[in-house]
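Hi there,

Here is the structure I promised to pass on.

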Amino acid sequence: MGQARAACCLLLLAAVASERCGARFVFPLQVSPAVARNGSLVPTPVLLKPAGRAGASQEAGSLALAAESGGSVSFVAMVDNLQGDSGRGYYLEMLLGTPPQKLNILVDTGSSNFAVAGAPNVDVTSYFDTKKSSTYRSLDTEVTVKYTQGSWTGTLGTDVITMPKGINGTYTINIATIFQSDNFFLKGVKWHGILGLAYSVLAKPSSSVETFFDSLVSQAKIPNIFSLQMCGAGLPVSGSGTNGGSLILGGIEPSLYEGEVWYTPIKEEWYYQVEILKLEVAGQNLNLDCREYNKEKAIVDSGTTLLRLPEKVFNAVVDAIVRTSLIQEFSPGFWIGAQLACWDITEEPWTMFPKISIYLRDENSSSSFKITILPQLYIQPVLEIGQNLNCYRFGISSSTNALVLGATVMEGFYVIFDRAQKRVGFALSPCAEVGGFPVSEIEGPFTTADVASNCVSTMSFHEPILWIVSYALMSFCGLVLLFLIILLLLPPRFRHRYTENDIVNDESSLVRHRWK
């Protein structure tokens, strides 16, 4: 019996990894007993119904987001103003309209629209009824926003908001009221809308829509900075939803961090895009080209559940974990989010896995610093089976379009989004502890002599207009090339012979089409 209890992996549970930037597990569970060789009862695999299939019930397991003049800013009043967990997201209580209607709003640094449920929905407990608000004004503009997981369509309007545990005062904000959604609101979530805190360039239907935070900076006269602490380290990713955290609007609260704050430059103001220089597993460099880490973009996103890595980087990380962990054999399904791993409740599986370190470029471009997450952050508890087993999921996933520092990483740190100075700061979070021991580390500075001077592509195609222009230019070049080929293939007698009467008219040339 003792040897069985000490086994590294007692059970693998089938699950489904459908994600809004992360894996989502779907319940309820069905458990049936089995008999071991010695006649004792042992748990059998627990089947989790696939998401999105007919007849399957959907629940959330994760998400693949000051004062008026004369008032005062109290950062202490904003401490512990968040609730939630990494599986369902962290949300803020907000009052909308006149008279006020109370809603919980998901905090998402990976998008830019402020949107709330505007009609009854089976997966939300409350919604914003614009007809009951005397201060609501419709802008008669339809807006659609798509995420890695889920999408919604709504109507753009304006109304007043207040935050019971935020900045004092009432402010007029652009609000999208959602009347249609697909896989956005999930069963079991306790939030009713989303607060996009990224830059206006990502706002829909266009960047001319002033974002929530830009409106606060303008109206409340607060500094262009906010900071975020998410306190879910080592706690179940689909727990009670009361793990807590803090969103500090307008500054930094000293009680929420320990030690020094390390800053990395924001490479481009759309998402909070940063520059990753290298990754280490158990202190060993993956030895990949640094551009692999920044493929398309590397961003800091509180609305993403997991640490998401480009496929090549993800495979290298998994291989390194397998080599350095104390687990001899492990099902591939665990690494891709299709299975859970369960251990005897007396076991601590975190001791079997290595640390993972992420190097970011320092404000001094010739230096870097590293943030390190311990296994308690990426081997994440999900549920208990009876009284004998604890089950876990892998808090890292593969990505096709970005490296995303999501909740898996952010729960280990106090993260500062200093928009005024175009930088993101990381400091140790006092709540990032499990069993009284810290589960994150920060070290630096380190030299960047062993990496390229620039690991981020200088060409950006995140704006639709740039895609249109690039395709137009490629099409034009293709037509010119086709015309030249035809000219070369024509017999000499069909080619035009210029005379002295031929005139080159500058108005017909490309001079009048120059970019201004």
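To start with a term you will meet throughout: a residue is called buried when its relative accessible area is under 20%, exposed when it is over 50%, and partly exposed in between, using a 1.4 Å probe and the protein chains only. Please keep in mind that this is a predicted model, in which local features need a pLDDT of at least 70 and side-chain atom pairs count only at pLDDT 80 or more, while totals for chains, interfaces and linings use all residues. Residues are numbered from 1 along each chain as its sequence is written, and side-chain values use heavy atoms, with hydrogens and water left out.

First, the overall picture. Of the 516 residues in the protein, 52% are buried. The secondary structure amounts to nine helices and 32 strands; these are DSSP runs numbered from the N terminus, with helices being H or I of at least four residues and strands E of at least two.

Counting bonded cysteines along the chain, they are paired 1-5, 2-6, 3-4.

- Cys231 and Cys431 are joined with an S to S distance of 2.2 Å. The torsion about their S-S bond is about -90°, so this disulfide is left-handed. It links distant parts of the chain, 200 residues apart: Cys231 sits in the loop between β12 (225-230) and β13 (245-249), and Cys431 in the loop between β29 (423-428) and β30 (433-434). Cys231 is buried at 13% relative accessible area, whereas Cys431, at 23%, counts as partly exposed.
- Cys290 and Cys455 have their sulfur atoms 2.1 Å apart, and with -95° about the S-S bond their link is left-handed. Cys290 belongs to helix α4 (residues 290-293) and Cys455 to the loop between β32 (440-447) and α9 (464-489), so the pair ties together parts 165 residues apart in sequence. Both Cys290 and Cys455 are buried.
- Cys342 and Cys391 bond with their sulfur atoms 1.9 Å apart; here the value about the S-S bond is 100°, and the link is right-handed. Cys342 is in strand β21 (residues 339-344) and Cys391 in strand β25 (residues 389-394), so parts 49 residues apart in sequence are tied together. Cys342 is buried, with a relative accessible area of 0%, and Cys391 is buried at 1%.

Which residues of helix α3 (residues 212-220) are buried? They are Phe212, Phe213, Ser215, Leu216 and Ala220. These residues cover an arc of only 155° around the axis, which puts them on the same side of α3 (the arc is that of the directions from the helix axis to the C-beta atoms). An α-helix has 3.6 residues a turn, so residues three or four places apart point the same way. Just after α3, Lys221 takes a positive phi of about 60°.

Enjoy looking through the model!

Best wishes

Notes:
Disulfide = S-S within 2.5 Å.
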